[in-house]
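Please look over the sequence and the three-dimensional model shown here before reading on. The report is meant to be read alongside them.

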Amino acid sequence: MTHLELTHIHKSFGASVAVEDFNLTVKQGEFVSFLGPSGCGKTTTLRMVAGFELPTSGNVTLNGKDLTYVPPNKRNVGMVFQSYALFPNMTVAQNVGYGLKIAGKSKNEIEERVREMLSLIQMDKFYSRYPYQLSGGQQQRVALARALAIQPELLLLDEPLSALDAKIRFELRQEIRRIQQKLGITTIYVTHDQEEALSLSDRIVVMSQGKIEQVGNPFEIYNFPQTRFVAKFVGSLNTVTATVVDPAKGIASFDGINLEIAQGLNGKNKGEEVTIAIRPERFNFLAEQRKENVFDCTIENITFLGSVVRVQMKIGNSIFNMDTFNRPSLKLPNIGGKEQVTCSNKAVLVLAG
Amino acid sequence: MDEIMSRKRTSFFTIFWGILALLYFFLPIYGTLDFSLRMERGILGFKAYKIIFADPRFWEGFRYSVTMAVITIIVSAAIFVPTIYWMYLKVPQARPIMEIITILPFVIPGIILVFGLIRTFSRPPLQLTTSTFKTDILMIAGYVIISMPYMFRAVDVGMRSIDVRTLTEAAQSLGSNWFHVLADVIIPNLRLAILGGSLICFATVMGELILADFLVRPALGPYMVRLGLTKAYEPAALAIISYSLTWFSLGLLQFFSSRSERQKQQVITT
Amino acid sequence: MSQMFATRQRKLWREYPLWNWVGLFPFFIFIVFFLVFPSLRLFTGAFTNQEGGLTLDNLKVFENPNVLKAYIMSLQVSAITAFVGGFFGFLVAYSITQGGAPRWMRNVISTFSGLAANFGGVPLAFSFIATIGQTGIITAMLKKACFNLENYGALAQFLASGGVNVSDITNVCPLNPYTYGFSLYSLSGLVLAYTYFQFPLMILTITPALEGLKKEWYEASTNLGATPAKYWRDVALPVLMPSILGASLLLFGNAFGAYATARALTGGSIPLVSIYIGQQIRGDVLGNPNEGYALAFGMVAIMTLTIVAYSLLQRRATRWMKS
């Protein structure tokens, strides 16, 4: 049940290419995030869906209708902006009701719908307040209600939480997910915050320099990054360049230390260089006898990060981070001390590019 | 947001009003310049300028106005820099009242202010019109009042851009007394702001008419009006001279502020 | 011992917070002498008679037809130039902020606005005389664009058939403004000259408001289905309205208090309040100095109203812009 379809979208501003060959299908009711650093083309893509930018080539289709050249005020797509963009001359109620007023709805109908929306975002009491009387988080809730009041076929959110404090950001994040699931509205969410994307989305589109790096659900994106960029951008990661020793058995080496790789090194040749990645939380201090992937290391530094303790260590000549849960029973090594650490051969990722 | 380039198309509407504004700005100046050069029939020449520069009354007016402007700037700076400094340091709550007072010369038209000044100071107990020297004191006071909004704002903005309180505390912790804090730390950091206020002050005094006219002092303003009543080409030349003076002072300000801006940039980049 | 003394001194300091104000006294004294006393003089003068008794009789000056004429003229000039300058200035400011004018044009116009808004005065009057006065350069140019009806037989015939006495029109100069009753030395000329400093003032005051119009407001309204016209009606104009009104008031006050330009341009032939007060200072044309004060007081009252209304509107505008 394809709802939104973007096919071969290409966008350039003069000589610079903003978006390159973007293809994506979104199902009805799906929550999709565009994740990437600023300048990666995620906002431009969103604005092409909203109609504020015209693609240089390619098509936007919604519910089987070609929207590519439909002006933005005829699309019936709701949008929430990073800067809230509430109309300062209108009350909360007038803001939320504006789209309905434009659509020529009756006074009673508008009134009823506005009340319904305000109770959805739990802001009934703010009916006749002005935007300048609201906090940032409240303004953004109103902006969400305003976008939803017109019963759009699609909801677009352009970094809606970036301008807010950490605490409000967390609350509103859950609010957005709750409302989205309650209404079952297809949603595209643009963000540069991996935590937001991972916690909210059904699927994530990771973008870099105008191109899609990987599309997948949060689990896939985090655990099986396909490219070096995705691995680096989502979560933290140790990477090292290794040389293939035995492609059939999946063994590579760095600094003269052998690594076993469960996924294997099929298609690689002996002596070829590959990029290897290991998540910090996949390392453990050696507890029982093991043969594979046991490394001698020197402890360089230890940092408390609250629930997690990050240990910086040197294996061979390369620096790695290891994250372990912070338990009272945890025995920390001395800085400068020698230890043995291990990781499962399933934890070793081979990155493309 | 930074990934969106703004590419606004320039419309006919924009160009039309823009050009009209430019015409409105420059046509009268061009007209004045052209007119001032046409004193001699059929040729372009500087005769009108020569006549003005040969007129002792012009030089008298010029000297007088420049002297008045310089004194006004000194008095004005001497009043406003310590006052505003004190305000920042001790009584920040005085700001609203200071702002209202200093905006008053915009509310009270010049002609009214002069009316009041003359009627107040032309009879005892506060008579100041008995000698030219005393009248000049009145003139200076009037000029300081008239240029007050500019001077206050310039110094105020300057003080805001440097952290007066911290600078003062730093200097005091190093053993400076009040006078040295002001002279060694605050004023050097305010040079540009004071210069800005001074140049606007200068331009204001040089072009001022009402005070000098009604107090019958030989400033440039009344000279211009008198010349305008009897002559045709010389006033145009005089207007050009007056514009040049204004632009020169404002150009100077532009030069100094852009230079200091550049210096700041260099500090950041190196 | 010295420690005790220091704490004692600090206590005293805190006991008299007014002490903090001492540093402002020189400034206040200056203001009292040269701003408060003169204003009080006018104020008390306006409400006392020549013997010093309180009276409202001086307000009768506003029944004097000459005074009334001057006030009406001043209000007229101020309103017209505020409207013309405001309208023109707004369109120019819109063009350079939202309309995507080329960068050089934007720079020249905004720099020059700062200059021209403070232009005023005698030189400006001279410039307009030299440019569009009877013998001005532009007038001369416009006068040259003439044609002789004798050379346009068909047109002459057409006009003659319409009952026009063709022999009177040998030389027609359709561009010469003086043929249409324009005179630089009249109200129309005054409006033309005042506009020179009025519209730049409008550009200066309205530009921040126009720059405060967020692009997202336009996009949000479009996203909700509004056309550009509806965006202007429902969002942009209401948001700008306090700023536009406020700026217009500022322009109004600016023209109302102006003296030098009018004096140098018309030599006092147009009866403005400011000119009238000038005459009163010089020679007591009213024959009663206290009525002169009342005249001045009326002017200050109008200016005060204008500025107070301006600042109220300004406050509302900034409050909206904050969010």
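The sections below take up the model and its confidence, the build of one chain, and two interfaces.

## Model and confidence

This is a predicted model, in which local features need a pLDDT of at least 70 and side-chain atom pairs count only at pLDDT 80 or more, whereas totals for chains, interfaces and linings use all residues. Residues are numbered from 1 along each chain as its sequence is written, chains are lettered from A and ligands numbered from 1 in the order in which they are written, and side-chain values use heavy atoms, with hydrogens and water left out.

The predictor assigns the complex an ipTM of 0.86 and a pTM of 0.81. Chain C has an average pLDDT of 84, with 89% of its residues scoring at least 70; pLDDT is the predictor's confidence in each residue, from 0 to 100. Residues 1-6 of chain C stay under 50, and the model gives them zero contacts beyond four places in sequence, a contact being heavy atoms within 4.5 Å. Where pLDDT is low, the predicted coordinates should not be read in detail.

## The build of chain B

Chain B contains 11 helices and zero strands, where helices (H or I, at least four residues) and strands (E, at least two) are DSSP runs numbered from the N terminus. With a radius of gyration of 23 Å, well over the 18 Å that the globule rule gives for 270 residues, chain B is more spread out than a compact globule. That radius is taken over C-alpha atoms, and the globule rule is 2.2 Å times the number of residues to the power 0.38. Along the principal axes, the C-alpha atoms of chain B fill a box of roughly 70 × 70 × 35 Å.

## Chain B against chain C

The contact between these chains involves 77 residues of chain B and 76 residues of chain C. Together they bury about 6,800 Å², 80% of it on carbon and sulfur atoms; buried area is the accessible area (1.4 Å probe) that two parts lose on being put together, summed over both. B:Tyr24, B:Phe25 and B:Phe115 supply 11% of the area that chain B buries against chain C, more than any other three residues.

Two salt bridges are counted between chain B and chain C, each being a side-chain nitrogen of Lys or Arg within 4 Å of a carboxyl oxygen of Asp or Glu. One of them joins C:Arg263 to B:Asp213, at 2.9 Å from N to O. Among the helices of chain B that each supply at least two residues to this side are H1 (12-36), H3 (56-89) and H11 (233-269), and H1(B) gives the largest share, 20 residues. By class, this side of chain B has 56 nonpolar, 13 polar and eight charged residues. Here Ala, Val, Leu, Ile, Met, Phe, Trp, Tyr, Cys and Pro count as nonpolar, Asp, Glu, Lys and Arg as charged, and the others, Gly among them, as polar.

## Chain C against chain A

This contact takes 20 residues from chain C and 24 residues from chain A, and the two chains bury about 2,200 Å² between them, 62% of it on carbon and sulfur atoms. One salt bridge is counted here, between C:Glu219 and A:Arg47, whose closest N and O atoms are 2.6 Å apart.

Helices H9 (215-223), H10 (228-257) and H13 (289-322) of chain C each supply at least two residues of the side that touches chain A, with the largest share, seven residues, coming from H9(C). This side of chain C has nine nonpolar, six polar and five charged residues.
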